[in-house]
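This report describes selected features of one protein chain. Look at the sequence and the model first, then read on.

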Amino acid sequence: MESRVSAATADAAVVPAESDRRTVEARVLAVPVGVWLAALVSASALTRFVVALRSPAPWIFPDEWVYAELARSFGASGHFLVWGADWPVQTFGPLYPALISPAYRLTGSVEQAYTVVRAVNCVLMSLAAVPAYFLARRLLDRRLAFLVAALVLLVPSMVYTTKVMTENLAYPVFLAAVLAFVRALERPSAGRQAAALGLIAVSFLTRGEMLVLLPAYLCAIILLAVLDGRSEQGGLSARGLLPTIRNYRFTWLAVLGGAFLFTTAPLAAERSPAVLLGGHEHLLGKVRLLETPRWLLYQLAELDLAVGVLPFAAFLLVVALVLVQPASPRASRVFVALSLPLFACFMLLGAVYATQPRPLPHVFERYVYYVMPLLLIAVLFWLQQGLPRPRRWTTAAAGVAFLLPAALPYGTLLNRREWGVSSSTPGLVPWAILRPIFGVDALLVVVILALNGSLVLLFLRTGPQRGGFIGLAVLCNLWIVTLFVATADASVSRRAGAYQGGSPRAWVDAAVGPGADVAAVWSGRGGTGEREAFAVLETQFFNKSVRAIYHVEKPITQGLPSRPLALRGDVLFLGSEPEAGRPLSVDYVLSNEAYPLVGRPVARNNEAHLVLYRVTGPVRPRP
């Protein structure tokens, strides 16, 4: 009798608890989604800005320097110039420097502008949560879609909020373009197709590599027509495909017209159409296509490792299930028809770009991280569907995701650059930091495979009732990698800024005024390492008066358009057109202490070992 009473009492206690939980859920769901997204974007932007303040100086050169110069010149003159000369702005994309140019025009110093730019970056990149949410809602319920919105703000490349780089604008623009693609695929009205094509143009103006969105979108139209035709007719036939493809006649006509204009306009000016690629034109001759398969393998392996295996495996499984099941819901067909071409195009882009010969080869996560949200949507969609695991496809997806990271050449990639790897590969930063413990050989591979194995086991064994553990594992992985990356970035940035010591950053402007004409001369004497290079680069970055960098022997850093000088007798002459053969003649020259010049020293930075000279006549090294 007593046991029955106690059981009844327990049941009575459970009912109010369950009722309270449902009441809380109902109140949460009653809050408009716009409020939650605004809170998420605000929290992310504020957190990222606090993190950015821990990184006091730029260090990804020449990229940050180029974007800062373009923004500074556009704010001052309305033209994109570098050191007073035209610059192929389509190489880097004009929208981002135009967007941040008011920071340079309206603030009192470059240092203030640098702080404002990073604040803008944090807001821009955090806005990626908005299109990510609405993209995820095509497949997921409201709670899981909101989780996607949060996860996309934890990808390793969010560290670029601390950089003066176009990735900050390209990330939300890419997701907005993908959302427009989905809308056009769902209902191909002329307006939706125009919006999709318009956002491709905006993406291209943000970052030139985004041109790959066009072939990805066109392939998605065809692939969806195939999947829809198979679903509705039980097989493939040209008769079924053509009506669907004709629905996109606006797109086909617009693409043909655009291709004609882009091809004939340069030819009319007697130039190659490749000129539209800007500074990337000269890279075409350096691409080694036969190397593409190897670098494609590396790109896939690095992406798999960076997202933490589970999203990669789930993406492969979801794609396979939709492709082999004709009766898949149309929302999932749209997702796969679009995600697969996007994934393939961006992976190939990164692989082809990586085939160019470099002193220190590296993979380009910076070019492919845009597809990470698609993988995150896939893993949560798989979770929402109850974790379906057909044996053959599940085994294949798990095996590929488990083994791929073992293919990476860690000895080459963990090259001790900047934060231990290339600045284009933030997903490998944790392993670069752990290199002193695990090395780069067999032990490191064993450790990585062991961690991958635990995640794959979770992928294979977790039941639907405990599916939340998969979401938690994805969240924890991204969070841990983010902490590693943010810590490493702050360390490198502080080290770069420390090379100026305790002197004011704008010490040259303070000595001669921001309107003066100062040339920095890089001789290579006194050391050619990180300390000497960063001392000059940081000084040029934060001082408006330092208008150009010249080099006597080798450029200060690869990709920076420093101008060559040649010593003839006791005078430095310009070595590049159109001023080749003329002596260098400016009012002020900045040089390392180890390369003294004829002139009167007007300022000195002892920590950076730099001296500012007032010169009259041609610039001469001191005997």
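Helices are DSSP runs of H or I with at least four residues, and they are numbered from the N terminus. The model is a predicted one.

**Backbone exceptions**

Most residues other than glycine have a negative phi, and most peptide bonds are trans. Leu387 is not a glycine, yet its phi is positive, at about 55°. Glu418 is also no glycine and has a positive phi of about 35°. The loop that holds Glu418 runs between helix 19 (410-413) and helix 20 (429-433).

Is Leu387 buried or exposed? Leu387 counts as buried because its relative accessibility is 4%, and the cut-off for buried is under 20%. Glu418, with a relative accessible area of 25%, is partly exposed.

A further exception concerns a peptide bond. Phe61 and Pro62 are joined by a cis peptide bond, with omega at about 10°. Pro62 sits in the loop between helix 2 (33-53) and helix 3 (63-77).

**Two helix pairs**

Two packed helices are described by the angle between their axes and the distance between the axes. The table gives these values for two pairs.

| Helix pair | Angle between axes | Distance between axes |
|---|---|---|
| Helix 4 (95-106) and helix 5 (110-126) | roughly 135° | within 8 Å |
| Helix 14 (310-324) and helix 17 | about 70° | 8 Å |

Given their angle, helix 4 and helix 5 are oblique to each other. The crossing of helix 4 past helix 5 is right-handed. On the helix 4 side, the contact is made by Tyr96, Leu99, Ile100, Ala103 and Tyr104, while helix 5 supplies Val110, Ala113, Val116, Val117, Asn121 and Leu124. Sorted by class, this contact between helix 4 and helix 5 has ten nonpolar residues, one polar residue and no charged residues.

Helix 14 and helix 17, in turn, are roughly perpendicular to each other. Helix 14 contributes Leu310, Pro311, Phe312, Ala314, Phe315, Leu317 and Val318, which meet Leu374, Leu375, Leu376, Ala378, Val379, Phe381 and Trp382 of helix 17. How many nonpolar residues does the contact of helix 14 with helix 17 have? By class there are 14 nonpolar residues, with no polar and no charged residues.

**A serine in helix 4**

Ser101 is part of helix 4. Ser101 is buried, with a relative accessible area of 5%. Apart from its neighbours within four places in sequence, Ser101 is in contact with Ala71, Phe74 and Gly75. Ser101 and Ala71 are 30 residues apart in sequence, but their C-alpha atoms are 4.4 Å apart in space.

**An enclosed helix**

Helix 6 (residues 129-136) is largely enclosed by the rest of the structure, because six of its eight residues are buried. These buried residues are Ala129, Pro131, Ala132, Tyr133, Leu135 and Ala136. What covers the buried residues of helix 6? Among the covering elements are helix 2, helix 5, helix 7 (142-151), helix 8 (167-186) and helix 17.

**An asparagine in a strand**

Asn605 belongs to strand 8 (residues 600-605). Asn605 is buried, and its relative accessible area is 0%. The side chain of Asn605 reaches the backbone nitrogen of Ala608 at 3.0 Å.

Key: Residues are numbered from 1 along each chain as its sequence is written. This is a predicted model: local features need pLDDT of at least 70, side-chain atom pairs count only at pLDDT 80 or more; totals for chains, interfaces and linings use all residues. Side-chain values use heavy atoms; hydrogens and water are left out. Helices (H or I, at least four residues) and strands (E, at least two) are DSSP runs, numbered from the N terminus. Buried means under 20% relative accessible area, exposed over 50%, partly exposed in between (1.4 Å probe, protein chains only). A polar contact is a pair of N or O atoms within 3.5 Å; within protein, one must be able to donate a hydrogen and the other to accept it, and residues adjacent in sequence count only if both atoms are side-chain atoms. Axes are lines fitted to C-alpha atoms, for helices over the stretch in contact, and angles run from 0 to 180 degrees between N-to-C directions. Angles under 35 degrees count as roughly parallel, over 145 as roughly antiparallel, 65 to 115 as roughly perpendicular and the rest as oblique. A crossing is left-handed if the near helix is turned anticlockwise from the far one by less than a right angle, and right-handed if clockwise. Contact means heavy atoms within 4.5 Å. Ala, Val, Leu, Ile, Met, Phe, Trp, Tyr, Cys and Pro count as nonpolar, Asp, Glu, Lys and Arg as charged, and the others, Gly among them, as polar.
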